[in-house]
Amino acid sequence: ARCDHAGLRYESDESGRTIAVLLPHLSPMRDLSKAAIVAGKRLELEGQSPEAAAMYLDVLGAAAHVGQGVTLVESLVAMTTRSLGDAALLDAYAGPGGDQLDFAAIARQLDTPEWSLRPLGDVLQAERAAVLDTAQRLFRADASGVCVPDPKAARELLELIAGLGQDESDQSRGTALRHLNFEATVQETNVYFDALTDAVMMPYPDGRAMLEEVERHVNNEDANALLRLMSPSLKRSLSIWARSEAQHAGLRLLTHLRAYQHEHGVYPESLDALDRADLTTDPLSNKPFAYRRVGDDIRLYSLGADGIDGGGVHDDSGERRDYLIWPRPRE
């Protein structure tokens, strides 16, 4: 977790297909991260909160390594792993040993640029490459050099992707794949992934609406058969991404606020005192985080996907109400 570069390798099976790339590091990385959090919780119980926080930061470092991968599954694992580390660190702040922590040092570590996950728009280009690689394998050149569908390749693709038997549904899919046009498939694939990329690079509320429209179009019966078969379902992924980004951004902001409080004895009147615009924007609502002082403490939360201030009433999904960062939401 503390290395500058993970050096993870990508290898396919004997077919050499992009969609058959193996990612054997993901499950061990996820398991080790969970074990590290359990070990950190034990350290907290033993009164060693700084050591526990260091353990949780290692989890975030590991998640960042995975999150630099180019595949969607790596991105999803990185998001969920980082969310576990973020939650553990936030809980440590609220624990009995929270005041022992060096928030300024933690803030500097959280601000490390290398700890940013690869943007979803970049990750989607690997998905595009997988579809285009598959598309070229579905065709062969006839005697005149024209690309024509290869029925055998279509059958092998269905077996590889779904492992399905030869029922009516498979026959229907196979028939649709055998009637594809190569040039049209390449063009439709690029148009589709261009639209997906635009959607996921937008602020979340706008991108979510555009993504729903794009996915609705590709799931239409008239859509390209290969895209219908291989298009990634991104609606849930984008929601997880936005919530993960909001939690991590909230953790960074809260850490800076705690560092300010330790230095000045009180929390700032407003977020303007930090003079850090990069910290105060919430990725979930694309608006500033809601912040106010409550006695000697503070209340900090995302306005959620709807962008409406509900006073910090917590919703785990961040879709229906606010997403509370501090104080820690009750179970």
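Modeller: Let's begin with a definition: two strands pair if DSSP finds at least two bridges between them. Keep that in mind as we go through this model, which is predicted.

Biologist: Happy to. How many helices and strands are there in the protein?

Modeller: The protein has twelve helices and seven strands. Its C-alpha atoms fill a box of roughly 80 × 40 × 35 Å along the principal axes, and 45% of its 331 residues count as buried. Among contacts between residues at least 6 apart in sequence, 62% join residues at least 24 apart.

Biologist: Now the pairing. In which order do the three strands of the open sheet come?

Modeller: The general idea is that strands of a sheet pair through backbone hydrogen bonds, either parallel or antiparallel. Here the order is E5-E6-E7, with antiparallel pairing. Strand E5 (290-294) and strand E7 (323-326) are the edge strands, each pairing on one side only. On average, neighbouring strands of this sheet are turned by 25 degrees against each other, direction ignored.

Biologist: How many bridges join E5 to E6, and which residue stands opposite Tyr301 in E6?

Modeller: Five bridges join E5 to E6, and Ala290 stands opposite Tyr301. On the E7 side, strand E6 (residues 297-302) pairs with E7 over three bridges, and there Tyr301 stands opposite Leu324. E5 and E6 also form a hairpin with two residues between them; Gly295 in the turn has a positive phi of about 65 degrees.

Biologist: Which helix lies across these strands?

Modeller: That is helix H11 (residues 235-264), which lies across E5, E6 and E7 and runs at about 25 degrees to E7.

Biologist: How should I read the nonpolar core, and which residues have the most contacts inside it?

Modeller: As a general idea, nonpolar side chains in soluble globular proteins tend to be buried together. In this model the largest nonpolar core has 81 residues, and those with the most contacts inside it include Leu177, Leu226, Leu257 and Leu300. The largest share of this core, eleven residues, comes from H11. Take Leu257: leaving aside neighbours within four places in sequence, Leu257 is in contact with residues including Tyr267, Pro268, Tyr291, Ile298 and Leu300.

Biologist: And the helix pairs? At what angle do the axes of H1 and H3 cross?

Modeller: The axes of helix H1 (residues 26-45) and helix H3 (residues 72-94) come within 11 Å and cross at roughly 0 degrees. Angles under 35 degrees count as roughly parallel, so H1 and H3 are roughly parallel to each other. Among the residues making the contact are Leu26, Ile37 and Glu44 of H1 and Val73, Leu84 and Ala92 of H3.

Biologist: Let me try a single residue. Is Ala223 buried or exposed?

Modeller: Buried means under 20% relative accessible area; Ala223 has 17%, so it is buried. Ala223 lies in the loop between helix H9 (204-218) and helix H10 (225-230). Beyond its neighbours within four places in sequence, Ala223 is in contact with His217, Val218 and Arg228.

Biologist: One last thing: how many disulfides does a search of the whole structure find?

Modeller: The search finds zero disulfides.

Technical notes
Residues are numbered from 1 along each chain as its sequence is written. This is a predicted model: local features need pLDDT of at least 70, side-chain atom pairs count only at pLDDT 80 or more; totals for chains, interfaces and linings use all residues. Side-chain values use heavy atoms; hydrogens and water are left out. Helices (H or I, at least four residues) and strands (E, at least two) are DSSP runs, numbered from the N terminus. Buried means under 20% relative accessible area, exposed over 50%, partly exposed in between (1.4 Å probe, protein chains only). Contact means heavy atoms within 4.5 Å. Axes are lines fitted to C-alpha atoms, for helices over the stretch in contact, and angles run from 0 to 180 degrees between N-to-C directions. A disulfide is a pair of cysteine sulfur atoms within 2.5 Å. A nonpolar core is a set of buried Ala, Val, Leu, Ile, Met, Phe, Trp, Tyr and Cys residues joined through side-chain atoms within 4.5 Å. Angles under 35 degrees count as roughly parallel, over 145 as roughly antiparallel, 65 to 115 as roughly perpendicular and the rest as oblique.
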